[in-house]
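Dear colleague,

Please find below the structure that I am handing over to you.

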Amino acid sequence: MITNAKKLRIYSHHDADGIASAAIAVFVARRLGLNYEVAIRNQLTPQDVIGGSDVYWFNDMGSSRLKEMQNIKGVVTDHHNPVVPETHYTENGNNIYQFNPHLEGMDGSISQSGSTTTFLFGTNVLSEVSAVSHLPVVGSVGDLHDKKFGKLVDTDREIMLLAKNMGIIEVKEDIRFFGRSSKSVSYMLRFGNEPKIRSLYDNPAAVSDFLIGHGLDRKNLKTTRWLDLEQEKRDEIISDLKSILEKEGQDSSRLIGEVYELNSEPKSSIVRDARDFSSLINATSRKGKPEVGIRLCLFERGDTMAEALRLYSDHLDSLRRASRILDEAEGKSVGSVLYYDFGNSLENNITGTIATRIITHKRVPSTSVIVVMANLGSMKKISARISLELSERIDLSLLFRQAANGLGGTGGGHRNAAGAIVPIGKEREFVEKVNELMQSISPT
Ligand SMILES: [Mn+2]
């Protein structure tokens with residue numbers, strides 16, 4: 001279907017994993033000389049799921065919406081929890097082949113990202129896809145698939161090793177904080193939270209003293225990156241950070257893990273680190289220019305990079321504004337659900353980002369469901385996160401789907417990160433329903 005498509009419609013999700021997936025699909029479409037169009041979506045619209053004569057390729061999305069699709073001919077390569085457990089779906093005039101790790105008994109929230117799934121499918125269409133095997137690494141890390149074990153696992157790992165063996169990426173054991181290549185070492189230590197070093201976290205004075213104590217010059221603290229330091233210096237700092245963590249009574253083993261670097265980027269590049277690369281492409285999409293992120297994934301630099309950096313700085317401004325709103329906001333509790341409704345004061349495409357921030361940076365019980373809402377026309381856009389610990393017992397995507405379906409909305413996602421859209425006015429009921437479902441599965 002793909003190789004013979006007169007017109008290929010590529011739909012992908014609006015986060016880093018989705019953009020990496022879109023780039024893989026675009027790479028395939030270009031090499032096959034296809035006429036194609038790309039649409040990046042936060043959620044598929046009702047029009048998106050009604051097909052015609054074109055061929056569709058849904059990436060990092062689609063599995064939770066299969067039942068609403070009509071007359072669609074094409075492929076879904078996704079890792080979100082599927083509503084239909086079929087690899088070939090032919091109801092409602094559809095002819096859809098669905099590729100999803102859940103159908104193979106794997107957990108898509110950790111074993112296989114959307115971009116890994118898209119890549120695997122892509123290799124069966126066109127073997128040259130291996131030339132972009134860095135993209136599943138970027139997408140998987142963007143979806144935090146390396147969080148639980150400090151490295152990529154299962155299928156994500158197999159593709160990462162392929163990229164490594166091809167010399168496309170380099171794998172190292174190093175500090176797993178965000179910003180190794182894109183931020184100053186002082187920023188990296190100040191906001192690093194995997195794990196959170198209590199005496200340094202969000203404490204710029206303590207971070208400066210610590211770094212000066214390690215021989216760094218005060219005037220260079222804002223410009224020197226982690227990757228600029230000599231290996232010996234990094235080892236020295238890491239061993240000191242480990243002893244601080246141990247003194248704080250924390251597990252220091254989580255500080256070090258696998259990190260992935262892109263060999264196509266020089267050492268001086270701010271997106272040499274795959275995690276930093278994923279945050280840059282994520283920003284291009286959140287700021288409404290996903291095509292810039294896709295072009296970056298496909299090795300365009302120069303003006304494309306300059307534009308990406310502008311979008312990144314705009315995105316950081318939005319997040320700073322959101323943080324200020326968040327500081328003043330009081331969450332409301334309904335049982336084990338803690339929810340924040342920002343109405344029109346929060347951009348509705350960063351509700352998930354903010355929910356992640358709350359669960360990472362605020363002191364919330366590990367048994368809570370963190371919910372962030374914002375208005376989306378006549379609907380409420382809802383994003384939620386739970387701790388990995390709680391997700392061992394609860395599949396949030398199923399709860400969200402069930403709660404939203406009863407209220408004229410849609411919901412889905414992953415075990416630990418889910419979303420829903422319900423009509424405005426139904427949000428309180430939604431929260432109550434989620435809490436009720438939680439209690440029935442796992443009473444607290
Ligand atoms: Mn994904």
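In this predicted model, the protein chain is divided into three parts: domain 1 covers 8–126, domain 2 covers 171–321 and domain 3 covers 329–441. The remarks below concern domain 1 and domain 2, whose C-alpha centres are 32 Å apart.

The size of an interface is often expressed as the accessible area that is lost when the parts come together. Between domain 1 and domain 2, about 890 Å² is buried, and carbon and sulfur atoms contribute 75% of that area. On the side of domain 1, the residues that lose the most area to domain 2 are His14, Ala16 and Ile19, which together account for 48% of what that side buries.

In terms of contacts, 12 residues of domain 1 meet 10 residues of domain 2. The count of salt bridges between domain 1 and domain 2 is 0. Across the same interface, 1 residue pair is in polar contact, with both residues at pLDDT 80 or more.

As to which elements form the side of domain 1 that touches domain 2, those giving two or more residues are α1 (16–31) and β2 (36–41). Helix α1 provides the largest share of that side, with 8 residues. By residue class, the side of domain 1 that touches domain 2 consists of 9 nonpolar residues, 1 polar residue and 2 charged residues.

Yours sincerely

Conventions
Residues are numbered from 1 along each chain as its sequence is written. This is a predicted model: local features need pLDDT of at least 70, side-chain atom pairs count only at pLDDT 80 or more; totals for chains, interfaces and linings use all residues. Side-chain values use heavy atoms; hydrogens and water are left out. Domain bounds come from an automatic or database domain assignment. Contact means heavy atoms within 4.5 Å. Buried area is the accessible area (1.4 Å probe) that two parts lose on being put together, summed over both. A salt bridge is a side-chain nitrogen of Lys or Arg within 4 Å of a carboxyl oxygen of Asp or Glu. A polar contact is a pair of N or O atoms within 3.5 Å; within protein, one must be able to donate a hydrogen and the other to accept it, and residues adjacent in sequence count only if both atoms are side-chain atoms. Helices (H or I, at least four residues) and strands (E, at least two) are DSSP runs, numbered from the N terminus. Ala, Val, Leu, Ile, Met, Phe, Trp, Tyr, Cys and Pro count as nonpolar, Asp, Glu, Lys and Arg as charged, and the others, Gly among them, as polar.
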